[in-house]
Amino acid sequence: QVQLVESGGGLVQTGGSLRLSCTASGRPWNEYAMGWFRQAPGKERQFVAAFTRNKKETYYIDSVKGRFTISGDSAKNTVFLQMNNVKSEDTAVYYCAGDRVTVRVGDPEDWGQGTQVTVSS
């Protein structure tokens with residue numbers, strides 16, 4: 001059974017930092033693409049950042065480039081999203097996603113429960 005467990009959300013001030021974590025179980029680390037999505041109130045779910053299956057390539061939406069970094073710890077089967085210089089528009093529920101092929105196209109197979117990130121001014 002595949003499971004994605006997220007942690008690390010919370011309240012942060014504009015310009016501050018936050019790190020999200022997502023621990024995966026049930027899939028081999030180097031055969032599983034993982035990434036982060038977010039959904040703000042009243043808006044559609046949006047891709048944020050992702051690793052390819054082999055974790056050698058990363059992708060970001062333009063609005064977070066230079067501010068967010070996706071990284072991973074293969075020993076812990078955990079992917080992180082380091083969020084720096086956060087802005088009010090980063091407020092959303094953040095979801096970890098995983099797929100045996102890619103999370104950048106289509107609907108990923110697996111999803112975490114979501115973690116709320118709220119940026120205050």
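The radius of gyration used here is taken over C-alpha atoms, and the globule rule to hold it against is 2.2 Å times the number of residues to the power 0.38. For the 121 residues of this chain, that rule puts a compact globule near 14 Å, and the chain agrees because it has 13 Å. Along the principal axes, the C-alpha atoms fill a box of roughly 40 × 30 × 25 Å.

A word on what you're looking at: this is a predicted model, where local features need pLDDT of at least 70, side-chain atom pairs count only at pLDDT 80 or more, and totals for chains, interfaces and linings use all residues. Residues are numbered from 1 along each chain as its sequence is written, and side-chain values use heavy atoms, with hydrogens and water left out.

## The overall picture

Helices and strands here are DSSP runs, numbered from the N terminus (helices are H or I with at least four residues, strands are E with at least two). By that count the chain has 0 helices and 11 strands. Reading along the sequence, you get β-β-β-β-β-β-β-β-β-β-β.

How much of the chain is buried? Buried residues make up 44% of the 121 residues, where buried means under 20% relative accessible area, exposed means over 50%, and partly exposed lies in between (1.4 Å probe, protein chains only). The accessible surface comes to about 6300 Å², and carbon and sulfur atoms hold 44% of that surface. Those areas come from the Shrake-Rupley method with a 1.4 Å probe, and for residues only the protein chains shown count as cover.

Contacts (heavy atoms within 4.5 Å) also reach across the sequence. Of those in the chain with a separation of 6 or more, 56% are between residues 24 or more positions apart.

As for charge, there are 14 positive and 12 negative side chains, and the centres of the two sets lie 4 Å apart. Lys and Arg count as positive and Asp and Glu as negative, with His and the chain ends not counted. Each charge is placed at NZ of Lys, CZ of Arg, CG of Asp or CD of Glu.

## Into the core

A nonpolar core is a set of buried Ala, Val, Leu, Ile, Met, Phe, Trp, Tyr and Cys residues joined through side-chain atoms within 4.5 Å. The largest one here has 33 residues, and the members that touch the most others are Met 34, Trp 36, Leu 81 and Tyr 94. Two or more residues each come from β3 (18-25), β4 (33-39), β5 (46-51), β7 (68-73), β8 (78-83), β9 (92-99) and β11 (115-120). The largest share, 5 residues, is from β5.

You'll find Leu 81 in strand β8, and it counts as buried because its relative accessible area is 0%. Leaving out residues up to four places away in sequence, Leu 81 touches a list of residues that includes Leu 18, Trp 36, Val 48, Phe 68 and Tyr 94. Its C-alpha atom is 8.8 Å from that of Gly 35, which sits 46 residues away along the chain.

Gly 72, in strand β7, is partly exposed at 41% relative accessibility. Beyond its neighbours within four places in sequence, Gly 72 is in contact with Trp 29, Phe 51, Thr 78, Val 79 and Phe 80.

## Out in the loops

The loop between β8 and β9 holds Asn 84, Asn 85 and Glu 89. Lys 55 sits elsewhere, in the loop between β5 and β6 (58-60).

| Residue | Relative accessibility | Class |
|---|---|---|
| Lys 55 | 12% | buried |
| Asn 84 | 29% | partly exposed |
| Asn 85 | 42% | partly exposed |
| Glu 89 | 52% | exposed |

Which residues does Asn 84 touch, not counting those up to four places away in sequence? They are Gly 16, Ser 17, Arg 67 and Phe 68. Glu 89 and Gln 1, 88 residues apart in sequence, have C-alpha atoms 34 Å apart.
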